[in-house]
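Please keep the sequence and the three-dimensional view at hand while reading.

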Amino acid sequence: MQIYGEITGIKYKPFLCNTLVQYDIEEFDKALSKSGSFILEIDKESRVAVSRWVSPKRTRSYPYARVYDTLSFSGRKITIIPIMKDEGKDGDRDFLQWDTISLMSLLGIYVIIGYYVEAVRNPNYKNKITNQKFDTYYIKSEISRLLSYQSDALHWNLEQIDKIYQIASLAIESYNRISKNLGVEMHSMEAAQQRIEELYKEKEEFMKLSRELSYKAQRRESITVQPKESLKGTKGLITIKNYIGGYYYFTYVG
């Protein structure tokens, strides 16, 4: 069964949000390692709510719960998403999709597209890394820039998309360095570069490719039972379109 819907606007009142721990800007690295979402105090007059994704893939690490916990904050809400995450040749590799950014824009969430610069070897696999860490210097510089940004989340997020090639190049450079330092073989960086270049050509091309990948993922999910799922029915498909061009592909149990 398939259900289609269209969003023309959004209003919400968040309930059941977890209480967010507050960190000072000097504790930013600690905050990222300890908390999936938190309040970041820049100075006595500036605070933001921050959530982080450990992977750009929306179904691998359940990032929506972290974003949801920030929705009750009255000030600016930021989410940090890696442009790509490569776990090494024995692991997964995922890329950011346009519809993820589109959904964040719809919720008024300012996206900072980041990249990983540190990791350790996974002891259980020859060619796999774990405990990946963001370039926090870059993210803090983006937060600083956001504090004086006067436009809404949609415009900020579109600007982030314009920087995809630059950020992806830094990500690929970092993974090459991690691979050399740890002696771990990664997925093809040439293929990653080609993928990023294809996405960068035009926003529309980026959106189209991302939707195709999301659509295929929805189909796969509809016939797959995940280890954490306990189903008593069959899975159906839900496709939602929003007013800023995003398509969201979900599944449900019918």
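## Packing of Helices H4 and H5

Glu142, Arg145 and Leu146 in H4 meet Trp156, Glu159 and Gln160 in H5. The model examined here is a predicted one.

Two packed helices are described by the angle between their axes and by the distance between those axes. Helix H4 spans residues 136–147 and helix H5 residues 153–162; the two pack at an angle of about 145°, and their axes are 12 Å apart. The crossing of H4 and H5 is right-handed.

## A Network of Salt Bridges

Which residues are linked in a network of salt bridges? They are Glu142, Arg145, Glu159 and Lys163. Because Arg145 and Glu142 are three residues apart in helix H4, about one helical turn separates them.

Glu142 also meets Lys163 in a salt bridge between their side chains, at 2.9 Å from N to O. Glu142 belongs to helix H4 and Lys163 to the loop between H5 and H6, so this pair ties together parts that are 21 residues apart in sequence.

Are the members of these pairs buried or partly exposed? Glu142 is buried, with a relative accessible area of 4%, and Lys163 is buried as well, with a value of 18%. Arg145, in contrast, counts as partly exposed at 31% relative accessibility.

The structure holds five salt bridges. One of them joins Glu185 to Lys89, with the closest N and O atoms 3.0 Å apart. This pair links distant parts of the chain, the two residues being 96 residues apart. Glu185 lies in the loop between helix H6 (164–182) and helix H7 (189–200), whereas Lys89 lies in the loop between strand S6 (84–86) and strand S7 (93–95).

Both partners are partly exposed: the relative accessible area is 39% for Glu185 and 47% for Lys89.

Tyr68 is located in helix H2, which comprises residues 64–68. Tyr68 is partly exposed, with a relative accessible area of 32%; this value meets the requirement of over 30% for a residue in a patch.

Notes: Residues numbered from 1 in each chain as written. Predicted model: local features only at pLDDT ≥ 70, side-chain atom pairs only at ≥ 80, totals over all residues. Heavy atoms only, no water. Helix = DSSP H or I, 4+ residues; strand = E, 2+ residues; numbered from the N terminus. Buried < 20%, exposed > 50% of the residue type's maximum accessible area, 1.4 Å probe, protein only. Axes fitted to C-alpha atoms, helices over the stretch in contact; angles between N-to-C directions. Left-handed = near helix turned anticlockwise from the far one by under 90°. Contact = heavy atoms within 4.5 Å. Salt bridge = Lys/Arg side-chain N within 4 Å of Asp/Glu carboxyl O.
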